[in-house]
Amino acid sequence: MIIIKPHYKQLLADSIKIFAFAGLVYLLLYVLRLVEVDEYIPVILWKETIAIIVAILLMLIRYIHLTTVKWEINNETILRTKGVFAKKKDYIELYRIVDYQETQTFLQRIFHVKDITVISTDRSDQIMRIFGVPQSEDIIRKIRTLVERIKKEKRVYEITNY
């Protein structure tokens with residue numbers, strides 16, 4: 001059984017965008033404060049504080065999301081468990097998997113994490129994204145080996161119209 005939890009570096013890759021945006025808003029409000037009349041300074045300082053508080057709250061929400069999701073890959077299924085107050089479990093049968101995809105954004109490349117997308121013929125969950133996987137782990141090869149083995153056991157064959 002393979003258990004995958006998002007690496008903390010995924011939080012860093014996601015949070016840089018949030019803090020860059022908050023920094024730009026802060027800078028803009030700071031420039032406006034220099035231009036405005038003195039009577040508006042308390043209002044503008046209040047807005048700058050709100051921009052930073054919102055950025056911290058967004059990062060906290062993302063952290064909670066990252067810590068409450070987990071993927072378990074066993075010999076027959078991929079199970080995704082997520083949720084803070086209520087848990088939700090999604091299953092994909094391995095023999096239904098038809099394709100895999102590995103992607104990395106620029107920030108993910110900096111922090112050495114990646115996303116893996118599993119595409120299946122399952123009607124309820126055709127695309128399952130596994131995010132925050134350390135770059136050094138070869139999860140696709142492991143999943144592919146399990147998929148090929150279970151397809152042989154269940155005698156599942158792909159028919160194409162090419």
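Q: How many helices and strands are in the protein, and in what pattern do they follow along the sequence?
A: There are 4 helices and 7 strands in this predicted model. Read along the sequence, the pattern is β-α-α-β-β-β-β-α-β-β-α.

Q: What share of the 162 residues counts as buried?
A: The share is 36%. The cut-off is a relative accessible area under 20%. The accessible surface of the protein comes to about 11100 Å². Carbon and sulfur atoms hold 60% of that surface.

Q: How do you know that the span of helix α4 agrees with its number of residues?
A: Helix α4 covers residues 139–154, which is 16 residues. The expected span is 1.5 Å times one less than the number of residues. That gives 22 Å, and the end C-alpha atoms are 22 Å apart, so the two agree.

Q: Which residues of α4 are buried, and what puts them on the same side?
A: I139, I140, I143, L146, V147, I150 and K151 are buried. They cover an arc of only 130 degrees around the axis, which puts them on the same side of α4. An α-helix has 3.6 residues a turn, so residues three or four places apart point the same way.

Q: Which residues lie on the other side of α4, and what do the buried ones pack against?
A: R141, K152 and E153 are exposed on the other side; exposed means over 50% relative accessible area. The buried residues of α4 pack against β1 (2–4), β2 (70–73), β3 (77–82), β5 (97–103), β6 (113–120) and β7 (127–134). Just after α4, R155 takes a positive phi of about 55 degrees.

Q: Why is D125 called buried?
A: D125 has a relative accessible area of 10%. Buried means under 20%, so D125 is buried. D125 lies in the loop between β6 and β7. Leaving out residues up to four places away in sequence, D125 touches R80, D90, I92 and S120.

Q: Why does Y95 count as partly exposed?
A: The relative accessibility of Y95 is 26%. Y95 is found in the loop between β4 (88–93) and β5.

Q: What does Y95 touch, and how far is Y95 from K152?
A: Not counting residues up to four places away in sequence, Y95 touches I150, K151, K154 and V156. Y95 and K152 are 57 residues apart in sequence. In space they are 9.0 Å apart, C-alpha to C-alpha.

Notes: Residues are numbered from 1 along each chain as its sequence is written. This is a predicted model: local features need pLDDT of at least 70, side-chain atom pairs count only at pLDDT 80 or more; totals for chains, interfaces and linings use all residues. Side-chain values use heavy atoms; hydrogens and water are left out. Helices (H or I, at least four residues) and strands (E, at least two) are DSSP runs, numbered from the N terminus. Buried means under 20% relative accessible area, exposed over 50%, partly exposed in between (1.4 Å probe, protein chains only). The arc is that of the directions from the helix axis to the C-beta atoms. Contact means heavy atoms within 4.5 Å. Accessible areas come from the Shrake-Rupley method with a 1.4 Å probe; for residues, only the protein chains shown count as cover.
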